[in-house]
Amino acid sequence: PEARTPLMAGNWKMNLNHLEAIAHVQKLAFGLSDKDFDAVEVAVLPPFTDLRSVQTLVDGDKLKIRYGAQDISAHDDGAYTGEVSGPMLAKLNCTYVVVGHSERRQYHGEAEESCNAKVKAAYRHGLTPILCVGEPLDVRKAGGHIAHTLAQLDGALKDVPAEHVASIVVAYEPVWAIGTGEVATPENAQEVCAAIRGRLAELYDRPLSEGVRVQYGGSVKAGNVAAIMAQPDVDGALVGGAALNAEEFVKIVRFRD
Ligand code: PEP
């Protein structure tokens, strides 16, 4: 549907320092044209230490590229050593913040309660969460992928009002496809993205669910993005490894070409 402008977002993970970030965003700006930005929304999700540099570049050159962070503290300020708050990210004009990436769930013990608190923290400060959900391999093999993914969605959205959720981005990222080179089939991606939309309709209502963008993430590349984006309930891609190469990411943004 036309209302859902595709969102192509590059999750840099823990790659590219602030100087490399500037060079990378300049390459994206050089490679993309106004025509691209009419059809697609483009965002980069760099490490925290890059955000100020990216902001300065985007503002100075009036770039249409959006940016955001890979994580957010559930707290707004205080004795939370090493964390970065929603007010700090909002001050840097971040549009997005990733919540519940599988690497945070795996290495930092993040689960539903923490994701829920982080989604709420993002909305307190005008940031749009990109909420990541998705099943590990054993769950998929046992056929529990939809139940697992929807339980993560339910947990993260507990007591989050419709007025906020209306703007959320949900990224379906099957853990077995992240950084493995093993991309989900377009049909697999569609099945779960449609189930996510269906659950949003149950939790809220159908018009809300029809407006929310659901991304697929997991080994997306220039060569496989078009088939995934052709699925009716896939409204964008969250791209890790392939987003570190500016030429490749430009091709991903131009998935319609
Ligand atoms: C990600 O980090 O969200 C991701 C999907 O990574 P990759 O594209 O490398 O699988």
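Predicted model: local features only at pLDDT ≥ 70, side-chain atom pairs only at ≥ 80, totals over all residues.
**Stop 1: the annotated pair.** Now select His 101 and Glu 173, which an unreviewed UniProt entry lists under "active site". They are spread over 73 residues of sequence, yet they cluster in space, with a largest C-alpha distance of 8.4 Å.

Start with His 101. You will find His 101 in the loop between β4 (96-99) and α5 (102-107). Is His 101 buried or exposed? Its C-beta has 27 others within 10 Å, and 20 or more count as buried, so His 101 is buried. Leaving out residues up to four places away in sequence, His 101 touches Gln 70 and Cys 132.

Move on to Glu 173, in the loop between β6 (169-172) and α10 (186-203). Glu 173 counts as buried because 28 C-beta neighbours lie inside 10 Å.

**Stop 2: helix α1.** Select residues 18-31. These 14 residues form α1, which reaches 20 Å from its first C-alpha to its last, close to the 20 Å expected at 1.5 Å a residue. Colour Ala 21, His 24, Val 25 and Leu 28, which are buried. Look down the helix axis: the buried residues fall within an arc of 95 degrees, so they line one face of α1. On the other side of α1, Leu 19, Ala 23 and Phe 30 are exposed. To see what covers the buried residues, show elements including β2 (41-45), α3 (51-60) and α13 (246-253).

**Stop 3: helix α8.** Next, select residues 145-156, which make up α8. The end C-alpha atoms of α8 are 17 Å apart, which agrees with the 16 Å that its 12 residues should span at 1.5 Å a residue. Highlight its buried residues, His 145, Thr 149, Gln 152, Leu 153 and Ala 156. They cover an arc of only 100 degrees around the axis, which puts them on the same side of α8. What do they pack against? Their partners are β4, α6 (112-124), β5 (128-133), α7 (137-141), β6 and α10.

Stop 4: Most residues other than glycine have a negative phi. Pick Asn 93, in the loop between α4 (86-91) and β4. Asn 93 is not a glycine, but its phi is positive, at about 60 degrees. Asn 93 counts as partly exposed because it has 15 C-beta neighbours inside 10 Å.

Finish at Asp 159, in the loop between α8 and α9 (162-165). Asp 159 also has a positive phi of about 60 degrees without being a glycine. With 7 C-beta neighbours inside 10 Å, Asp 159 counts as exposed.

Technical notes:
Residues numbered from 1 in each chain as written. UniProt positions renumbered as here; feature names shortened; annotations may be inferred. Helix = DSSP H or I, 4+ residues; strand = E, 2+ residues; numbered from the N terminus. Buried ≥ 20, exposed ≤ 12 C-beta atoms within 10 Å, placed from the backbone. Contact = placed C-beta atoms within 7 Å. Expected span 1.5 Å × (residues − 1). Arc of directions from axis to C-beta.
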